[in-house]
Amino acid sequence: MMKSPLFRIASSTVFLAIAVLLSGCSESSEGAKVRGLVTLDGSPLSSGIILFEDSVSGTGGSAIVENGIFAISTPMPVGKYTVALQPPPPPAPHEDASKRTNVKLPRHLTQPATSGLEAELTPGENDLDFNVDSK
């Protein structure tokens with residue numbers, strides 16, 4: 001049985017559209033792997049939390065900062081983010097309270113809208129450094 005030219009054109013178009021969609025998905029699905037260093041007044045931030053917020057899409061991520069180093073465990077969507085730093089959470093009731101580090105961060109750094117910190121995440125590895133002052 002012979003297939004009509006219209007059938008061949010339609011099936012070729014569908015095949016081409018699927019190929020284009022699949023090739024576009026592989027690049028964007030990689031996401032951004034994020035890690036980096038936070039320094040406060042020239043020294044590594046002893047402990048805290050770093051927050052990434054995309055005000056357009058509502059997506060974001062966070063990581064614990066220990067001795068200045070942070071890494072977000074799951075890839076994030078690529079794009080522009082505002083960044084904030086927050087002090088570490090208080091110890092859990094069963095933890096030794098004397099081991100808590102007292103981190104003083106300026107109020108403006110604790111909110112993405114006022115911190116002045118930004119990051120542009122691209123597909124693949126993103127090594128970021130944030131050097132902030134306590135004043």
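**Aromatic rings and their surroundings**

Guide: The structure holds four aromatic pairs (rings of Phe, Tyr and Trp, the last by its six-membered ring, pair if their centres lie within 6.5 Å; planes under 30 degrees apart count as stacked, over 60 as edge-to-face and the rest as tilted). This is a predicted model, in which local features need pLDDT of at least 70 and side-chain atom pairs count only at pLDDT 80 or more, while totals for chains, interfaces and linings use all residues. Residues are numbered from 1 along each chain as its sequence is written, and side-chain values use heavy atoms, with hydrogens and water left out.

One of the pairs is Phe-52 with Phe-130: the ring centres are 6.3 Å apart and the planes meet at 65°, so the pair counts as edge-to-face. Phe-52 sits in strand 3 and Phe-130 in strand 8, 78 residues apart, so distant parts of the chain are linked (strands are DSSP runs of E, at least two residues, and helices runs of H or I, at least four, numbered from the N terminus). Both residues are buried (under 20% relative accessible area; exposed is over 50%, partly exposed in between, with a 1.4 Å probe and protein chains only).

Phe-130 also pairs with Phe-70; here the centres are 6.4 Å apart and the planes at 35°, a tilted pair. Because Phe-70 lies in strand 5 (residues 69-71) and Phe-130 in strand 8, this pair ties together parts 60 residues apart in sequence. Phe-70 is buried, like Phe-130. Phe-52, Phe-70, Tyr-81 and Phe-130 form one aromatic cluster.

Next, the core. Phe-52, Phe-70 and Phe-130, along with Val-34 and Ile-50, have the most contacts inside the largest nonpolar core, which has 24 residues (such a core is a set of buried Ala, Val, Leu, Ile, Met, Phe, Trp, Tyr and Cys residues joined through side-chain atoms within 4.5 Å). Strands 1, 3, 4, 6, 7 and 8 are the elements that give two or more residues to this core. Strand 1 gives the most, four residues.

Leaving aside neighbours within four places in sequence, Phe-130 is in contact with residues including Leu-37, Ile-50, Val-83 and Leu-117 (contact means heavy atoms within 4.5 Å). Ile-50 is in strand 3, and with a relative accessible area of 0% Ile-50 is buried.

Leu-117 belongs to the covered face of strand 7, together with Ala-119 and Leu-121, whereas Glu-118 and Glu-120 make up the uncovered face. Strand 7 runs antiparallel to strand 6, joined by five bridges (two strands pair if DSSP finds at least two bridges between them).

Glu-125 forms one with Arg-35, the closest N and O atoms being 3.9 Å apart (a side-chain nitrogen of Lys or Arg within 4 Å of a carboxyl oxygen of Asp or Glu). Glu-125 is in strand 8 and Arg-35 in strand 1, 90 residues apart. Arg-35 meets Asp-127 in another salt bridge, at 2.4 Å from N to O. Arg-35 has a relative accessible area of 41%, so Arg-35 is partly exposed, while Asp-127, at 52%, counts as exposed.
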